[in-house]
Amino acid sequence: MKIFAYGIRDDEEPSLRNWKKANPDVEVDHTDQTLTPATAKLAAGSDGIVTLQTTPYDRESLQILNDEGIKNISIRNVGYDNFNFDDLADFDMKLTNVPVYSPNAIAEHAVLMIGRLLRRIPEVDVKFDNGDFTWAPTVGKEYREQTVGVIGTGHIGRVAIQMLQGMGSKVIAYDVFHNEDIEKQGLYVDSLEELYKEADVITLHVPLTSDNAYMIDEKAISQMKDGVYIINCARGELISTDALIAGLDSGKIAGAGLDVLDHENNVFGQKWGSIDNLPDPKIKNLAERINVIMTPHNAFYTETAIRNMIEISFNSNKDLIEGKIPDTLVYSKK
Ligand code: NAD
């Protein structure tokens, strides 16, 4: 049995080595390149491929894999919207994903962003860099004084709730589907409007769907408390950047923690030398603010998450090759 892996980064190599050691019956080869028509032939002779990329999986690449008799594809991430299922159907290919690799990674990131904003750490860092070792005026706020509104109580939102409760925050939550445990705790509010009205901090943990694009717009922000903090470690398109900038300008929004941004591909993943060189004026506007914490969509990026992404995707691919149906299956014609 042979598996070929695309887009393997240096930080994934140790986990990949461990998986190979635990699965000596599987021959594994890999490249750091993504799957394109130019690289598809590298997988020749393999029974399946493991891959990770944010760009679309084009039909031509899949055609080449199909011509090589490769029908089993396993991605190392959650989202598979960059596959065209009609192509997968035409080539009778099976696809698996990694539905959950570490909710804690993203939840921790969000909770840390809240803490950094509450304790005004970016301002303290600037003072420190300038040799200013005084306390004032960077007085902070405590988690236990905050009502945190968690939007989305799935895998990540629920871990975030536990962490926030551990820090002493009062948590309220909103989700279109109610989780039993969160329901029992009586955390749900009936509407987003209610959550906006009551929360000192709002953190987003919902997927982007056709219904909720730019859900945090001018109207939503106008319903929030004065001095609200907004955290987005979910998807950039959930927030209108124009509305966010206006809210920060007016002081309605006291600060924001953003791991994802609308049009983030304009800037994320590249080294710009300085914020001054960012080509997207709206993102530059946000990045220049001391009360905006920005990270390059790396909330997921922990050793644990990487290990799980490798292990689960390779196990799934091995299962597919052996004719088993892993519970990570997201597409199969039959
Ligand atoms: P999940 O599917 O376990 O939970 C999502 C929850 O959102 C579900 O409970 C669902 O009922 C709810 N929901 C869906 N649409 C909603 C809406 N319109 N309003 C209210 N609730 C709604 O997903 P998860 O694993 O918790 O991940 C949440 C999101 O986090 C993902 O969809 C993804 O966009 C994002 N994410 C970001 C990173 C990162 O590195 N920043 C990594 C992984 C996931």
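Visitor: Before we start, what counts as a helix here?
Guide: A helix is a DSSP run of H or I with at least four residues, and helices are numbered from the N terminus. With that in hand, take Ala 246, which is found in helix H10 (residues 241-250). Keep in mind that this is a predicted model.

Visitor: OK, is Ala 246 buried, partly exposed or exposed?
Guide: Ala 246 is partly exposed. The cut-offs are under 20% relative accessible area for buried and over 50% for exposed. Ala 246 has 43%, so it falls in between.

Visitor: And which residues of H10 are buried?
Guide: Those are Thr 241, Ala 243, Leu 244, Ile 245, Gly 247 and Leu 248.

Visitor: What follows H10?
Guide: Gly 251 does, and its phi is positive, near 90°.

Visitor: You mentioned E10 and E11. What sheet are they in?
Guide: They belong to an open sheet of six strands with parallel pairing, in the order E7-E6-E8-E9-E10-E11.

Visitor: Why is one side of E7 and E11 left without a neighbour?
Guide: Strand E7 (170-174) and E11 stand at the edges and have a single partner strand each, so one side of each has no neighbour in the sheet. On average, neighbouring strands of this sheet are turned by 15° against each other, direction ignored. H10 packs on this sheet by touching E10 and E11, and its direction makes about 140° with that of E10.

Visitor: Which way do the residues of E8 point?
Guide: In strand E8 (residues 201-204), Val 201 and Thr 203 point one way, Ile 202 and Leu 204 point the other way, and all are buried.

Visitor: New topic. What domains does the chain have?
Guide: The assignment gives domain 1 as 2-101 + 303-331, and domain 2 as 103-294. Their C-alpha centres lie 33 Å apart.

Visitor: What does UniProt list for residues 113-299?
Guide: An unreviewed UniProt entry lists them as "domain: D-isomer specific 2-hydroxyacid dehydrogenase NAD-binding". In the model, that stretch is 33% helix and 15% strand, with its end C-alpha atoms 10 Å apart.

Visitor: Now the other sheet. What's the strand order with E2 and E12?
Guide: The order is E2-E1-E3-E4-E5-E12, an open sheet of six strands with mixed pairing. The edge strands, E2 (27-30) and E12 (329-331), each pair on one side only. From one strand to the next, the twist averages 25°.

Visitor: How do E1 and E3 pair?
Guide: Strand E1 (residues 2-5) and strand E3 (residues 48-51) pair in the parallel sense, over three bridges. Within that pairing, Phe 4 has Ile 49 in E3 as its bridge partner.

Visitor: Where does helix H1 lie?
Guide: Helix H1 (residues 13-22) lies across E1 and E2, and runs at about 160° to E2. Its residues Ser 15, Leu 16 and Trp 19 are buried. They cover an arc of only 100° around the axis, which puts them on the same side of H1.

Visitor: And what covers that side?
Guide: What covers the buried residues of H1 includes E1, E2 and helix H12 (303-321).

Visitor: Last one: where does Asn 82 lie?
Guide: Asn 82 lies in the loop between strand E4 (72-75) and helix H3 (85-90). Asn 82 is buried, because its relative accessible area is 12% and the cut-off is under 20%.

Visitor: Which residues does Asn 82 touch?
Guide: Leaving out residues up to four places away in sequence, Asn 82 touches Gln 53, Thr 54, Thr 55, Pro 56 and Tyr 57.

Note on methods
Residues numbered from 1 in each chain as written. Predicted model: local features only at pLDDT ≥ 70, side-chain atom pairs only at ≥ 80, totals over all residues. Heavy atoms only, no water. Pairing = 2+ DSSP bridges. Helix = DSSP H or I, 4+ residues; strand = E, 2+ residues; numbered from the N terminus. Axes fitted to C-alpha atoms, helices over the stretch in contact; angles between N-to-C directions. Contact = heavy atoms within 4.5 Å. Buried < 20%, exposed > 50% of the residue type's maximum accessible area, 1.4 Å probe, protein only. Arc of directions from axis to C-beta. Domains from an automatic or database assignment. UniProt positions renumbered as here; feature names shortened; annotations may be inferred.
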